[in-house]
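Look at the structure below together with its sequence. The paragraphs after it go through a few local features one by one.

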Amino acid sequence: MARRIPLPRLTRRQRTARWQRERRQQAIIIVVFSAVLFFVLGLVSWAASDKYYQDNLKPAMRVDGRVIPMRDWATERAYQLSRFYVEFGVPPTYENDPQIAQQKASYDRSALDTLEEYALLDQQARADGLTVSPEAVEARYEADFGQFRSRHILITINKDAPDQAVEDANALAKAIAIRDQLRQDPDNQSLWNQLAKDQSQDPGSAESGGELGWVGKGQFVKPFEDAATALAIGQISDPVKSDFGYHVIQVEERRGPAQNDIVKRWFADGFTESAIKRHTKHELLRDDFTKRQQDRVVSPTEQVHVAQIQVATPRPVGGDYQAFSDQLKKITDVGTALDAGTDFAEVAKQYSEDSATKDKGGDMGWIARGMITDLAAEKELFTLPAGKVSQQHSLLTATTWYKVIEKSDSRDLDVDQKKTLTDNAYPYWLNQQKKAHDVVRLIPGLEFE
């Protein structure tokens, strides 16, 4: 049996010293652990706060010094994507499918453009004392997202007929006869079925009693939509002429925005009715400023006769760097040719990508202020002497050179010019607002328009 060797007993002083040493070691361990813990927690907190700042508070844009934060941009992008998913039939759970990645990416810029536009609309509305009533917003909301269910009989017009007047009159007479039959018993389903099958020339609805299903604003041609909007439920319309022919229409039901698939998707994605109506309000403001600018078209006015060379601005899309290089070379070649004094018309015929003017040596006719929306180019064209070529003007999608052919201090606008000015009225005004206010876009890749 092994003999136990007794351990020496510690004195009180030794025990006290050991206890104090252990306490010091524990204190050091606690201090070190606490320091590490606080450092980690601080790092996590900093990372979380930085991520929150980057995702929410970091400026996406400044307009006259006022910050529009990233969260507003992310919200607007999500709002527009919700509509995109419905309109293009993207099923739930397929939102991140790679096949729609490129379409989704376009909404990065679209959302920022919208925020910029809304900020400028609000600013100008305040300056002009312009307000939009809740009643006007509600009416527009109902008109934009309310839906109706209708049916029709379509009588087409043969556009190859030798006498179009006679063909039109015959089609109208048939439509009137059908209208008169339906008005005798407007809700007779058997009558609708028979007339649609025997008379209607709409292959999509002839076999279903003329039924067209539920639709909303913008889904039918404008003459049809305008007539259907004005009809009482059950009423049989007079023949309505569109590019397709003559329609005899009946609206069977109407329902409010809450049943619209787009509105339902917005609600499902967390957007409220007030968020949708905020967009509706800005659409009303846009309409108001559009009309104001259209009313300012005057004739006669100062004009310049110009020619252009236009090519697509090179952009490396989808990794196609060869196409990017080719387009970059084309721009260089145009600049080199013009600098060498080559005839502008010949350069246009060789390089320009604008099909409407290329074969005419770039000649785009007479233009008045407002007919092109590039303000820098317009300013140069109205100051350049006749016979001079402008500098290169590069926008997001197109790079353009102009030549001033001749000038007039006062020239009447023709019909086409008036239409161009009317169509361009709002984008021209909006570009003026962007120039007048200090707009700074801060999202990488979206800095330029």
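In which loop does D64 lie? D64 is in the loop between β1 (59-63) and β2 (66-69), where helices (H or I, at least four residues) and strands (E, at least two) are DSSP runs, numbered from the N terminus. This is a predicted model, in which local features need pLDDT of at least 70 and side-chain atom pairs count only at pLDDT 80 or more, while totals for chains, interfaces and linings use all residues. Residues are numbered from 1 along each chain as its sequence is written, and side-chain values use heavy atoms, with hydrogens and water left out.

Most residues other than glycine have a negative phi, and most peptide bonds are trans. D64 is not a glycine, yet has a positive phi of about 50 degrees. With a relative accessible area of 40%, D64 is partly exposed; buried means under 20% relative accessible area, exposed over 50%, and partly exposed in between (1.4 Å probe, protein chains only). T93, in the loop between α2 and α3, also is not a glycine and has a positive phi, of about 80 degrees. T93 counts as exposed, at 72% relative accessibility. A cis peptide bond, with omega near 0 degrees, runs from S299 to P300. P300 is found in the loop between α9 (273-294) and β7 (301-312).

Next come the two helices on either side of the T93 loop. Two packed helices are described by the angle between their axes and the distance between the axes. For helix α2 (residues 70-87) and helix α3 (residues 101-128), the axes come within 8 Å and cross at roughly 125 degrees. Axes are lines fitted to C-alpha atoms, for helices over the stretch in contact, and angles run from 0 to 180 degrees between N-to-C directions. The two helices are therefore oblique to each other: angles under 35 degrees count as roughly parallel, over 145 as roughly antiparallel, 65 to 115 as roughly perpendicular and the rest as oblique.

Which residues meet in this pair? Those of α2 include W73, E76, R77 and Q80, and those of α3 include Y107, D108, A111 and L115, with contact meaning heavy atoms within 4.5 Å.

A111 is buried, with a relative accessible area of 0%. Not counting residues up to four places away in sequence, A111 touches W73, E76, R77 and Q80. The C-alpha atoms of A111 and V63 are separated by 15 Å, and the two residues are 48 residues apart along the chain.
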